[in-house]
Amino acid sequence: MESIQQLIAQQRSFFKTGQSRDVAYRIEALRTLRAGIERYQPRILEALHTDLNKSEPEAFGSEVRIVLGELDFALEHLTAWAAPRTVPTAAALPDATSTIYPEPYGTTLIIAPWNYPFQLAFGPLVGAIAAGNTVVMKPSELTPTVSRLIFDMLSDLFPTSYIAVVEGEVETSTALLKEKFDYIFFTGSTHVGRVVMRAAAEHLTPVTLELGGKSPAIVHEDADLKLAAERLVRGKFLNAGQTCVAPDYLLIHSSVKAKFAELVQAEIADKYTADVLSNPHFPHIVNTRNFDRLTGLMENEQVLFGGRSVRDELIIEPTLLDNVSWDAPIMQEEIFGPILPVIEYDDLNPLLDEIVNRPKPLALYLFTQNEQLIDQVLDTVSFGGGCINETLSHMTSHYLPFGGVGESGMGSYHGQQSFEVFSHHKSVMKRNL
Ligand code: NAD
């Protein structure tokens with residue numbers, strides 16, 4: 001596509017002028033972005049409601065606020081992050097100094113998914129700007145109102161030679177991926193992650209892949225059950241389970257299963273009302289294809305509670321499935337919906353083996369007061385990141401790099417790591433004559 005090539009050529013020329021790498025320019029761009037988000041906020045919230053039925057508090061809390069937090073953190077620290085870093089030099093070279101210069105890669109591509117279509121487009125954007133790059137952004141076509149908003153907003157705030165939005169479907173992504181970028185930051189499914197990495201390999205373009213997977217939640221016999229129920233419900237049913245780090249399935253000690261199920265049900269009723277199908281604020285499934293996939297996964301499973309859905313409204317009520325087998329279809333793919341399979345145990349060890357033998361999860365959540373068990377799980381299971389006695393919150397810290405491992409992704413971002421991931425670290429040794 002000639003226009004894509006022209007756009008990239010314009011961005012390359014602009015990058016060469018050195019403007020985007022000037023730290024004062026980056027700070028000004030971040031301020032412009034922040035002011036723009038505030039100005040566009042009503043439209044952002046409205047678009048998230050239109051595409052996903054997110055309520056205002058949910059849309060603000062899980063999308064806008066996270067981006068504003070990242071922006072403020074970058075604005076506070078950028079000057080220090082961008083400064084050259086002097087490091088020690090080997091004693092054999094006493095007349096030399098060693099310095100690491102963080103430098104922007106150049107022209108970068110950000111591909112975003114639909115589930116947090118604002119946060120997952122603008123979060124990486126903050127890092128790319130902070131590091132001094134130009135950006136081509138491709139939002140998800142499955143949330144068209146948000147995609148259009150991102151296009152309008154970024155076209156209004158920045159020249160396309162610096163930051164440009166290219167809207168479109170898979171063909172557009174494919175056309176973009178044919179071109180040479182200096183860095184690609186992709187958030188989406190593991191399947192498409194492979195496509196992106198293959199395309200990047202053609203140009204030896206470095207990538208960050210923020211992917212998905214099946215993230216277990218484990219509730220042990222000594223857990224604070226009330227607290228675990230509260231936090232599991234928040235983590236699982238936020239955005240109707242369409243969250244990359246949502247607990248995908250529950251492993252629970254058999255002695256506390258019945259009590260815990262009761263507490264989870266009470267918590268759902270308290271948070272979303274007893275009849276979630278008529279709650280106007282519960283988020284919808286993104287489209288019919290995903291709705292049918294999800295209801296299909298429930299077939300032949302034993303419903304512990306929930307299980308009802310309305311196809312016309314794309315709504316599925318929070319559902320727990322009992323005694324699910326590891327071989328069941330629902331245990332073979334990331335669920336990405338408000339359905340929680342439950343597997344009970346008396347001995348956790350074989351279940352930990354089962355997790356270790358599967359693709360590495362993006363997140364893991366463990367509810368227990370047993371420090372030895374915490375150490376055992378952390379020592380034996382590799383996963384992107386996670387929480388003990390909590391869900392999701394690890395991804396809201398500026399100080400915890402967020403990302404997957406193995407099939408759940410590579411590379412990480414948030415806080416300073418967003419700056420680092422969009423920077424090349426140029427190591428230079430200087431001998432003093
Ligand atoms: P997706 O992989 O289908 O799409 C993501 C983006 O890639 C979209 O912009 C889409 O247009 C583009 N795309 C789709 N097919 C493509 C192809 N064949 N070639 C090139 N580009 C293509 O993912 P999705 O359905 O939008 O998002 C859901 C997935 O994303 C889940 O697996 C979820 O776990 C994962 N996810 C991960 C994170 C994270 O931070 N790790 C965050 C959100 C979502």
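**Close-up views of a predicted model**

**View 1. The shell around the ligand.** Welcome to the ligand site, where 27 residues surround the ligand, the closest being Pro-113, Ser-173, Gly-188, Gly-212 and Cys-244; a residue counts as near when its C-beta atom, placed from the backbone, lies within 6 Å of the molecule. Helices here are DSSP runs (H or I, at least four residues), strands are E runs of at least two, and both are numbered from the N terminus. Sorted by class, the shell holds 13 nonpolar, 10 polar and four charged residues. In that scheme Ala, Val, Leu, Ile, Met, Phe, Trp, Tyr, Cys and Pro are nonpolar, Asp, Glu, Lys and Arg are charged, and the others, Gly among them, are polar.

A note on the model: residues are numbered from 1 along each chain as its sequence is written. The model is predicted, so local features need pLDDT of at least 70 and side-chain atom pairs count only at pLDDT 80 or more, while totals for chains, interfaces and linings use all residues.

View 2. The protein chain is divided into domain 1 (2-211 + 404-431) and domain 2 (216-396), with bounds from an automatic or database domain assignment. Taken over C-alpha atoms, their centres are 31 Å apart. Contact involves 15 residues of domain 1 and 18 residues of domain 2, where two residues are in contact if their C-beta atoms, placed from the backbone, lie within 7 Å. On the domain 1 side, the touching residues are five nonpolar, eight polar and two charged. Each domain also supplies at least three residues to the shell around the ligand.

**View 3. Helix α2 against helix α3.** Helix α2 (residues 23-52) packs on helix α3 (residues 56-82) at an angle of about 180°, with 10 Å between their axes. This makes α2 roughly antiparallel to α3. The contact is made up of 18 nonpolar, three polar and five charged residues. Axes are lines fitted to C-alpha atoms, for helices over the stretch in contact, and angles run from 0 to 180 degrees between N-to-C directions. Angles under 35 degrees count as roughly parallel, over 145 as roughly antiparallel, 65 to 115 as roughly perpendicular and the rest as oblique.

**View 4. Helix α4 against α2.** Here the axes of α2 and helix α4 (residues 119-130) come within 9 Å and cross at roughly 155°, so the two helices are roughly antiparallel to each other. From α2, Arg-26, Ala-29, Leu-30 and Leu-33 meet Val-126, Ile-129 and Ala-130 in α4. This contact has six nonpolar residues, no polar ones and one charged.

**View 5. Helix α4 against α3.** The axes of α3 and α4 lie 9 Å apart at an angle of about 10°, and these helices are therefore roughly parallel to each other. On the α3 side the contact includes Ile-66, Val-67 and Leu-71, and on the α4 side Phe-122 and Gly-123 are among the residues involved. By class, the contact has eight nonpolar, three polar and two charged residues.
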